[in-house]
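Please go through the questions below with the sequence and the structure at hand. Each answer ends on the value or name asked for.

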Amino acid sequence: MNQDIGPIGRIGQIGPISPIRPIRPTGIPMKKHNIYIGGVLVILLTALFIGQNMLDKTTVVEGAAVMAPRFEVDPLWPKPLPNHWYIGMSIGVACDAQDHVWIVHRPDTVSANEAAADQKTGDCCSKAPPILEFDQAGNLIGHWGGSGQGYEWPESNHGITIDHKGNVWIGGNGTNDAQILKFTKDGKFLAQYGHAGKNAGSNDLENFGRVAKIFVDPKANEAYISDGYLNKRVVVVDADTGKFKRYWGAYGNKPDDKNLGRYDPDAPPAQQFRNPVHCAELSNDGLLYVCDRVNDRIQVFQPDGKFVKEQFIAKRSLADGSVWDIAFSKDPQQKYIYVADGRNQKVYVIQRDTLEILTSFGDGGRQPGQFYGVHSIATDSKGNIYTTETYEGRRLQKFVYKGLAPVTKVDQGTVWPGGTK
Amino acid sequence: MSKPKRSTDLFMGAGIVVLLVSLAICAAAQRKSASTRADQSPMFTVDPLWPKPLPNHWVLGSVTGVAVDSQDHIWISHRGADSLGNNEKGAILNPPTGCCVPAPQVLEFDQAGNLIGHWGGPGQGYDWPQSTGGIAVDQKGNVWIAAAGQPEAAARAAPAAPAAAARPAAPKPQDAQVLKFSRTGQFLLQIGEAGKTEGSDSKTGLNRPVGVEVDPATNEVYVADGFGNRRVVVFDADTGAYKRHWGAYGEKPDDSNLGPYDPDAPAAKQFRTVSCAAVSKDGQVYVCDRQNDRIQVFQKDGKFVKEGFVSKTTKGDGSVWDIAFSNDPQQRYLYVADGHDKKIHVLRRDTLEVVTSFGDGGRLPGQFYGVGSVAVDSKGNVYTGETYEGKRVQKFVFKGMK
């Protein structure tokens, strides 16, 4: 298991040993010089040996003191929704420039039992609108979404992002969803790219295949589309026109829609993405991190699609896979990435340069800080993490950033204020 | 005589007037203070961090019962693997796919929320429920569990296996029993037998009993019977010997189909779903007639006393799921878990009037989905269990009267 690799090996490689300089003792006759040199060499070698041993020991001690961002759940965030509103599977979260937190959920997944007021069988409750906006205090400050004139609202909402111009993008993973949509923050329709029912595979230049998520690169004004639940590719489009610019599959290969069969952790790594391609997030230094969810891996690319490297996460995870969504830490270097794993009900804290797991938090369950189907993840400007859960988890949760702290556990479990003991 | 008689009469008259006036003022004042008291109700705030996270990646299934014992430990029964999706019990699948593990079906927590006991499951000499119902801890410290499942539940509970080896599980008989264990899980007594349903007049069989509670004064066990039958039935808690039973209004129960509940129709003469039977300290039996949206109150012998409707327009699975008494000596309030409307109603016990309610639908702390069980500890704190996809136990801290 990847969790077992741990950070110790990496620490062992740091701390360069100073090159040995020749030492010439002064005031010693030349004849004896060689003996002295020999003696000094012995001493030096011994010292080096001891030093190396000490270094190994230090490594172990330092290994326990690997630093990583620490988080605690805020159990009372967000505030309860008004109007007896109930949320369904929550399959997207994003933070905007004002640190407002946006989610998209699926009202249609709210059961008759839950939406008893809509069914007129009881007082509680009603389906909330699909797009909800919260302020930092957790108040609901905006809500909209659904069918309208001039666009095809997805059969099954999926993924949300707010771009640098303040526009809201959503995808959709319903059977016929082959489009992405762009709205203003107050829900005014701006653009649709691709059309419902028009999917033509992973080499089509106009439609998508059940899109999971969108990321907009402010520098190049390009949108990266995780495409998706049907297609097996990343697509880059112009963020103003939706015009296709480039696309690629796993390892930067031409995507191929052949059925790969079931994921087998013992087989050689698949040469194509499995469905769904679930995220594609560009770092400040221009690396694109792609969630190949069911293949249990992150693949890293240059913005032009050139493959850089890959890393498996919880590689034995079967079924719906381990790599669901990625968010970057908020330091300028984006030193860490946070990976939501809806199969193992946790969030990994990963060092971005090495892609090593430093620690993780979360566990299965319905209590604060626990997860059932943790699906999406985002960070605000203060470094706080927000997660949403699909399946029957159906929550938005906030994990407050508590600064860097020594890693004491690879698997922290449920992170509560003041601990759980 | 220094005073004439007439003036004495006058004085007496004035005295009487003063007395009457002051009596009237007193009465008015008393009425006022009584109405102030009546306006008060117990207040609660949720403790979002209770109980502590379970160990071993254990997760709860649908919670069907909650009880508090004499040491203020909190007990729950839940449906375990049978109520959990494959994607939340990945660790027990073959091959394992990920997190987590269904927790044992009977769990005991201390006041701090630590898990201090766990047991449950099939064993020698008894029929473990296909689907647990309510849980109770009696005055002797023994634990009672109702068995409320249907055969369909067993099919869902079939262990996941590789497709090639998959075989439909043999249908198990319908739950028709209540079970008694020691607090450490040693089997003590079973009343009824899985698959042996004989209708609402049986002296030996039950039919998907939902709730169970022991009256310490008489050492009798009251069974809310149930999803299948339409009655309350009482047994000796030591021997399991049948004592008596009755239907709505204390009449002989009748199992004929009542059709769907209609809030505008005359009150049904039979119970629909009998989901609780709780005995107050002053010897009244409060019965949850869940889908009829009502509480019926009886004497211990089954004589009907009165009824009160709660959220009478609620359809679907009804409003009166479980009842707990407030912890004051008079038990002045009833807490009614309403799994359909996702709240706890607070009722005056004497009038059965709803004075307030708390909770709302949702997954956040203090919200509910399918709140079906409720219990109170010696400090007045309320504990709730959620079935369906709620799958939680929550604590509401008593904050005094307001």
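**Salt bridges and the chain interface**

Arg363(B) has a relative accessibility of 8% and therefore counts as buried. The model is a predicted one.

Q: Which residues join Arg363(B) in one network of salt bridges?
A: Glu392(A) meets Arg363(B) in a salt bridge of 2.6 Å, N to O. Glu114(A) forms a salt bridge with Arg363(B) as well, with the closest N and O atoms 2.5 Å apart. Salt bridges that share partners make one network, in which Arg363(B) is joined with Glu114(A), Glu392(A) and Arg394(A).

Q: Is Glu114(A) buried or exposed?
A: Glu114(A) forms a salt bridge with Arg363(B). Glu114(A) lies in the loop between strand 4 and helix 3 of chain A and Arg363(B) in the loop between strand 23 and strand 24 of chain B, so the pair joins two chains. The cut-off for buried is under 20% relative accessible area. Because Glu114(A) has 1% relative accessibility, the residue counts as buried.

Q: How many salt bridges does the rule find across the interface of chain A and chain B?
A: One pair across the two chains is Glu392(A) with Arg363(B). Over all chains, a search of the whole structure gives 43 salt bridges. Across the interface of chain A and chain B, the number found is four.

Q: What area do chain A and chain B bury between them?
A: In contact are 46 residues of chain A and 44 residues of chain B. Of the area buried between the chains, 51% is on carbon and sulfur atoms, and the total is about 3400 Å².

Q: Which residues of chain A lose the most area to chain B?
A: The side of chain A that touches chain B has 17 nonpolar, 15 polar and 14 charged residues. Three residues together account for 19% of what that side buries: Asn113(A), Arg343(A) and Arg366(A).

Q: Which residue forms a salt bridge with Glu222(A)?
A: Glu222(A) is in strand 13 of chain A, and its partner is in strand 15, 23 residues apart. Glu222(A) is buried, with a relative accessible area of 8%. The closest N and O atoms are 2.9 Å apart, and the partner is Lys245(A).

Q: Which backbone nitrogen does the side chain of Asp227(A) reach at 2.6 Å?
A: Asp227(A) is in strand 13 of chain A and counts as buried because its relative accessibility is 0%. Its side chain joins that of Asn231(A) in a polar contact of 2.8 Å. The backbone nitrogen reached at 2.6 Å is that of Gly209(A).

Technical notes
Residues are numbered from 1 along each chain as its sequence is written. Chains are lettered from A and ligands numbered from 1 in the order in which they are written. This is a predicted model: local features need pLDDT of at least 70, side-chain atom pairs count only at pLDDT 80 or more; totals for chains, interfaces and linings use all residues. Side-chain values use heavy atoms; hydrogens and water are left out. Contact means heavy atoms within 4.5 Å. Buried area is the accessible area (1.4 Å probe) that two parts lose on being put together, summed over both. A salt bridge is a side-chain nitrogen of Lys or Arg within 4 Å of a carboxyl oxygen of Asp or Glu. Ala, Val, Leu, Ile, Met, Phe, Trp, Tyr, Cys and Pro count as nonpolar, Asp, Glu, Lys and Arg as charged, and the others, Gly among them, as polar. Helices (H or I, at least four residues) and strands (E, at least two) are DSSP runs, numbered from the N terminus. Buried means under 20% relative accessible area, exposed over 50%, partly exposed in between (1.4 Å probe, protein chains only). A polar contact is a pair of N or O atoms within 3.5 Å; within protein, one must be able to donate a hydrogen and the other to accept it, and residues adjacent in sequence count only if both atoms are side-chain atoms.
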